[in-house]
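Here is a structure to go through by asking what each label rests on. Each answer sets a value against its cut-off.

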Amino acid sequence: MKTTAAATSLLLLATAANAHLTMWHPALFGYNYPNQSTDAVQNRNQNAPVAPLRARENMNLTAWFWRFADYPPAPGEFLHLPSEGEVVGEISCNRAFTSGGVPDAPRSPFACREEGPLHTANRFNKPPDAKYFGGTALSIAYESDVRKVRPEDFTIISVNATSPWANRTTYALPRLPECPKGGCLVGWHWIHQKTNGEGYGDEMYFTMYRAVVDRPGKKAKVGKGAVPKYCPGGGCVAGPKQPMFLFMKEGNNMDYKVVAAKENPTYARDYGFKDGAQKDAISGALGLAPSGAVLAAALLAAAFAL
Ligand SMILES: *[C@@H]1O[C@H](CO)[C@@H](O)[C@H](O)[C@H]1NC(C)=O
Ligand SMILES: *[C@@H]1O[C@H](CO)[C@@H](O)[C@H](O)[C@H]1NC(C)=O
Ligand SMILES: *[C@@H]1O[C@H](CO)[C@@H](O)[C@H](O)[C@H]1NC(C)=O
Ligand SMILES: *[C@@H]1O[C@H](CO)[C@@H](O)[C@H](O)[C@H]1NC(C)=O
């Protein structure tokens, strides 16, 4: 490939040590940071929304949850979520490498140009081991007002446990009801592991999007999420679950000094998340009875409650 000056500077930018990840889409809050998404000038080479949310920054809700609330997507831009279908996310360390990015930016099969920014604790340049990825997830809140929505209003609807890795990540969706007028708000989540050679561990990732549900499922209802629990030996939290919020000054639903004492929580089976569509987050959907395992866990929980 011919290397242009622009491509070379992009490469320098994207491989800088502070490069991290998000899912890019024109419906992302902060998509055109530091400018408004409606501005004529598009900042195609920008990485503000990929910045990790770190414990040492001791962030309040304004600083992390509403970080890009003043940078909404342009009117009419929505992440389209086909009920019982799938959505393909473009995970990258810079908008430059995505379809809304720089046309002649260098291409890579990875979510970034190389493995480092993926924080997967992998063996560099060797085949990846998916158990180190951490898993990324999408959540939804049936609320259009970014100033009204709160962390606990989000419910996880999809997990891709073998991400982040590829430059395209598929999220399978359960049956979803229609969004309110003005759309839903969606969250993208990732907590990378901190052992196996990974360096700084006390950080999470969260970005917000406007979304609509295409061909919504009748009668389906997204349940209010419970806080997930570490459950490698069984007894997982059954049914709808909240995203895992930790390391912040405000808005946490987990105490990281307890849950992340040995390893960070992950969007994977050992926190009760099945890889793919979170069907157990939905009630009233025909043919979506809780799976045997979920039912067994619920019965077990009921037995303990007696
Ligand atoms: C984009 O933002 C920068 C810095 O905030 C500002 O100087 C510039 O004028 C903005 N561009 C447009 C087109 O609004
Ligand atoms: C949140 O933190 C920021 C940055 O530290 C600070 O400027 C702001 O006043 C805080 N907001 C609230 C509501 O506490
Ligand atoms: C994404 O990865 C595929 C290979 O998996 C590659 O063909 C494609 O060019 C990559 N896209 C970008 C934008 O880097
Ligand atoms: C996760 O994303 C990858 C890459 O798009 C895809 O191959 C895989 O099927 C997805 N996993 C699930 C459970 O949807």
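**Ligand 3**

Q: What makes the pair formed by S108 and ligand 3 a polar contact?
A: In this predicted model, a polar backbone atom of S108 is 2.9 Å from an oxygen atom of ligand 3. The cut-off for a pair of N or O atoms is 3.5 Å, so the pair counts as a polar contact.

Q: Which side chains have an N or O atom in such a contact with an oxygen atom of ligand 3?
A: R107 does, with a side-chain N or O atom at 3.4 Å from a ligand 3 oxygen, and N167 does, with a polar side-chain atom at 2.4 Å. Both distances are within 3.5 Å, so both pairs count. Taken alone, ligand 3 exposes 360 Å², of which the protein buries 56%.

Q: What makes the pairs of N160, R168 and T170 with ligand 4 polar contacts?
A: For N160, a polar side-chain atom lies 2.3 Å from an oxygen atom of ligand 4. For R168, a polar backbone atom is 3.1 Å from a ligand oxygen, and for T170 a side-chain N or O atom is 2.9 Å from one. Each value is within 3.5 Å, so each pair qualifies. On its own ligand 4 has 360 Å² of accessible area, and the protein covers 60% of that.

Q: Why does the shell around ligand 4 have no nonpolar residues?
A: The residues around ligand 4 are N160, T162, R168, T169, T170, D275 and G276. Arg and Asp count as charged and Gly counts as polar, so the shell comes to five polar and two charged residues.

Q: Which residues surround ligand 1, and what polar atoms approach it?
A: N35, D39 and V41 are around ligand 1. A polar side-chain atom of N35 lies 2.5 Å from an oxygen atom of ligand 1, and one of D39 lies 3.1 Å from an oxygen atom of ligand 1. The protein buries 37% of the 360 Å² that ligand 1 exposes when taken alone.

**Q46**

Q: Where is Q46, and what does its side chain reach?
A: Q46 is placed in the loop between strand 1 (22–24) and strand 2 (53–54). Its side chain reaches the backbone oxygen of Y31 at 2.8 Å. Beyond four places in sequence, the contacts of Q46 include W24, Y31, N94 and R95.

**Confidence**

Q: Where does pLDDT stay under 50, and why does that matter for reading the model?
A: Residues 1–8 stay under 50, with six contacts beyond four places in sequence. Residues 287–306 also stay under 50, with seven such contacts. Low pLDDT means that predicted coordinates should not be read in detail. For the protein chain, mean pLDDT is 87, and 83% of residues reach 70 or more.

Note on methods. Residues numbered from 1 in each chain as written. Chains lettered and ligands numbered in written order. Predicted model: local features only at pLDDT ≥ 70, side-chain atom pairs only at ≥ 80, totals over all residues. Heavy atoms only, no water. Helix = DSSP H or I, 4+ residues; strand = E, 2+ residues; numbered from the N terminus. Polar contact = N/O pair within 3.5 Å; in protein donor to acceptor, adjacent residues only side chain to side chain. Contact = heavy atoms within 4.5 Å. Near = heavy atom within 4 Å. Areas by Shrake-Rupley, 256 points an atom, 1.4 Å probe, with all protein chains shown as cover. pLDDT = per-residue confidence, 0-100.
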